[in-house]
Amino acid sequence: MSLSYSTYTGGGDALVACAEYRPDGGGPAERHIMATPCGGGTFARQWAAVRDAALRACGPAEPVMMRVFLSDPANQSDALTGLPGCAVSTVGQPPVGVAGAKVAVWLMAREDASVTDAGPGIYVVALPGGAAEIWMAGMSRPGRDSRAATISMLTDCDRALAARGTSLAGGVLRTWFFVHDIDTNYAGMVKGRNEVFDSVGLTADTHFIASTGIGGSDSDPAVTVLLDVYAATGTAPDAVKYLHAPDRLNPTAEYGVAFERGTAVTFADRRRVLISGTASIDSRGHIVHAGDVEAQTRRMCDNVEALLANAGCSAADMMHAIVYIRDVADAAAVGAMIAGRYPGLPCVVTLAPVCRPGWLVEMECMAMCPPRE
């Protein structure tokens, strides 16, 4: 297995960080790319720079999903021209790692993959050996409260997946909920998710789904919740493992929410590890290091690494990370700590409040490693 990092200036106006994973035996490579503007300027200029740099960094690989982080979605969403033919989501989460940045891009690309548009916001990525990955991006229900919007989106997701031979309970491995005014609307999202999960048999006795529930906004102020979904089909019956680190993090059901701390799915030539949004939490569900963002960052990273270890990999296998902070004043300190702990890792830091006000920072990541017994 080979995993390598590279960082360079793309076209002079964007900074690109790329992780490439190539399995043993020289199979198809996968690339995770983070692109941020090098400086200020208009949104149109910054967007063209990061979009073009990210797409160039794909090389021979085919884009399979893109997330665009915006500082002002109400004024910027309509200017997102030249998007690739893959799942694309946009979210109002201002990137804060570069002064003057209005936009950042996370792009995943893979060699030897066929990407098919399967309906509004749904893309199917056919993989060698009969497996497939399904990305559902940018779901929303304007005008509905967060509970009703969540119920509607997850119910429609289940129906769409049934048409492709799978289901919410049987195929979905990862969700992202971006919640407008999270301190107000998070409880409704959690309630709606719990209700749908109960109805389809997802319980603490079966399993949940890896997830991030974080602050984020849409261009439409009537949208309370945005949803992205990742599912996999055609894998072996025992391909999925739900991750735990009980000495560091408690089961989420103990404090009334329904998600897995992380999930690993094994394909023929690689294992994809999806770590949920993880904060400075202990084995009883309590916030650790209240008020100290640097200590919270260290504990957060320790927790993430414990979950990675449960999947049979380590921080050296991470392909990218997204770090969310509540206070823009913490951006420099948190960014420096992440860069020092994980040199070269493609990462973006965004302004996005975590679901509990006491949590000052949260991190999610994805890792790749060889399949293991």
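## Strand pairing

Two strands count as paired if DSSP finds at least two bridges between them; strands are DSSP runs of E with at least two residues, helices are runs of H or I with at least four, and both are numbered from the N terminus. In this predicted model, local features need pLDDT of at least 70, side-chain atom pairs count only at pLDDT 80 or more, and totals for chains, interfaces and linings use all residues. Residues are numbered from 1 along each chain as its sequence is written, and side-chain values use heavy atoms, leaving out hydrogens and water.

Strand β10 (residues 172–179) pairs with strand β11 (residues 210–215) in the parallel sense, over six bridges; Trp176 has Thr212 of β11 as its bridge partner. The pairing of β10 with strand β12 (residues 225–233) is antiparallel and has seven bridges, with Val229 of β12 as the bridge partner of Thr175.

Helix α5 (residues 182–200) forms a β-α-β unit with β10 and β11. The unit is right-handed: with the strands pointing away from the viewer, the path from the first strand over the helix to the second runs clockwise.

Helix α3 (residues 146–162) packs against α5 at an angle of about 35°, and their axes are 7 Å apart. Residues in contact (heavy atoms within 4.5 Å) include Ile151 and Leu154 in α3 and Met189 and Phe197 in α5.

How values were computed
Axes fitted to C-alpha atoms, helices over the stretch in contact; angles between N-to-C directions.
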